[in-house]
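Biologist: I'd like to learn how to read a model like this one, feature by feature. Could you walk me through it?

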Amino acid sequence: MSTAAVPSGESSSPRPSWVLVHAYALVGKIRNDTTATASRRNKKKIFASFSRGRPPVPSNLHVDCPDGTLRHPPRLLSMADDLILFHAYVGSEYVYPRFRQCDFFIYRADPKRPSLRLLPHPEGRFYKIHQVGVVPRGDEHYTVAALVPDKDCTPNNFLLCLLDSETQVWTSRALHVDSPKRDFPVEIPRELNHLTNYHTTSSVITFGGTIGWADLYRGVVFCDLLGGEHTLRGVPLPLPLKQITASDSSERVLTADQCEV
């Protein structure tokens with residue numbers, strides 16, 4: 001379950017300015033003032049609508065295809081402001097569809113201007129749902145961004161994949177983390193080296209024009225998508241204390257100086 005902001009036009013209402021949203025859409029027909037439609041890659045229609053609950057009651061994305069079967073609930077990949085990035089597989093041929101069988105959409109859940117748009121397929125640029133996020137750019141435009149390790153899995157080397165809503169074209173660029181984090185200030189047990197040698201994104205966060213790919217063991221890699229030249233900046237996170245134990249099983253405690261970025 002994730003959080004998302006509600007449309008800014010409703011901020012003056014007594015409703016909350018944020019909502020909790022299920023990670024999977026509900027499959028079924030619902031029509032309201034947030035309903036929007038688009039064509040899938042096969043030119044057939046898909047509908048999306050939004051029903052909002054007051055936290056802690058979750059809100060839901062509703063998706064239906066009148067001429068197709070949604071065997072699996074569409075998965076929400078990222079949310080920012082009133083934008084929802086999700087993918088959906090329509091059909092029954094594949095029990096466990098892969099990314100290449102899914103269509104990718106951007107849905108705007110604003111009741112004053114709901115919209116649904118089919119995105120160009122990423123075609124293998126990223127392959128995990130936790131690698132991609134959406135960043136709004138003003139009232140109309142947005143950037144979809146994915147960060148993946150380079151093909152050799154070299155530490156701090158990544159491929160930044162971007163989709164601009166204005167051009168609707170995917171671009172890719174190899175980048176190195178400009179400010180890699182310091183080595184962790186205590187010795188990491190050998191059996192945990194696989195958790196700290198390579199960045200494995202577990203969650204994507206956005207704020208303003210900045211997007212961050214978080215690895216809960218290694219840290220967060222940030223990129224300012226609204227700046228001129230895209231660069232990557234690493235910010236470390238301390239390992240959980242229970243993972244950092246001495247040979248006698250007593251917990252090692254770090255001082256504030258040791259945890260500085």
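Modeller: Here is a tour that goes from confidence to strands, cores and a few single residues.

Modeller: This is a predicted model, so local features need pLDDT of at least 70 and side-chain atom pairs count only at pLDDT 80 or more, while totals for chains, interfaces and linings use all residues. Residues are numbered from 1 along each chain as its sequence is written, and side-chain values use heavy atoms, with hydrogens and water left out.

Biologist: What is the mean pLDDT of the protein chain?

Modeller: pLDDT is the predictor's confidence in each residue, from 0 to 100. The mean for the protein chain is 82, and 77% of its residues reach 70 or more. Over residues 8-12 the pLDDT is below 50, and this stretch has four contacts in the model beyond near neighbours in sequence; a contact means heavy atoms within 4.5 Å. Residues 246-261 also stay under 50, with 19 contacts beyond four places in sequence. Where pLDDT is low, the predicted coordinates should not be read in detail.

Biologist: In what order do the strands of the open sheet come?

Modeller: Two strands pair if DSSP finds at least two bridges between them. Four strands form an open sheet in the order β3-β6-β5-β4, with mixed pairing. At the edges stand β3 (26-27) and β4 (36-39), each with a single partner strand, so one side of each has no neighbour in the sheet. β4 and β5 (residues 45-51) run antiparallel and are joined by four bridges, and the partner of Thr-37 in β5 is Phe-47.

Biologist: How many residues link β16 to β17 in the hairpin?

Modeller: The hairpin joins β16 to β17 through three residues. Six bridges hold β16 (residues 210-215) and β17 together in the antiparallel sense, and Asp-215 has Gly-219 as its bridge partner in β17.

Biologist: How many residues of β17 are buried?

Modeller: Buried means under 20% relative accessible area, exposed over 50%, and partly exposed in between, using a 1.4 Å probe and protein chains only. Five of the six residues of β17 (residues 219-224) are buried, so this strand is largely enclosed by the rest of the structure. For the protein chain, 44% of the 261 residues count as buried.

Biologist: Which residues have the most contacts inside the largest nonpolar core?

Modeller: In soluble globular proteins, nonpolar side chains tend to be buried together. A nonpolar core is a set of buried Ala, Val, Leu, Ile, Met, Phe, Trp, Tyr and Cys residues joined through side-chain atoms within 4.5 Å. The largest has 21 residues, and those with the most contacts inside it are Ile-46, Leu-61, Ile-84, Phe-86, Tyr-107 and Leu-116. Among the elements giving it two or more residues are β2 (18-21), β8 (83-88) and β9 (103-108). Beyond four places in sequence, Tyr-107 touches residues including Ala-36, Phe-50, Leu-61 and Leu-116. Another core, of 20 residues, lies apart from this one, with Leu-77, Leu-83, Val-132 and Ala-146 among them.

Biologist: Is Ser-78 buried or exposed?

Modeller: Ser-78 is buried, with a relative accessible area of 8%, and sits in β7 (residues 75-80). A polar atom of the Ser-78 side chain lies 3.0 Å from the backbone nitrogen of Val-134. Outside four places in sequence, Ser-78 has contacts that include Leu-85, Val-132 and Gly-133.

Biologist: Where are Lys-43 and Gln-168 found?

Modeller: Lys-43 is in the loop between β4 and β5, and Gln-168 in the one between β13 (157-164) and β14 (169-179). Neither is a glycine, yet phi is positive: about 75° for Lys-43 and near 55° for Gln-168. Lys-43 is exposed at 68% relative accessible area, whereas Gln-168 is buried at 15%.

Biologist: Which peptide bond is cis?

Modeller: The bond from Pro-55 to Pro-56 is cis, with omega near 15°. Pro-56 lies in the loop between β5 and β6 (60-64).

Note on methods: A polar contact is a pair of N or O atoms within 3.5 Å; within protein, one must be able to donate a hydrogen and the other to accept it, and residues adjacent in sequence count only if both atoms are side-chain atoms.
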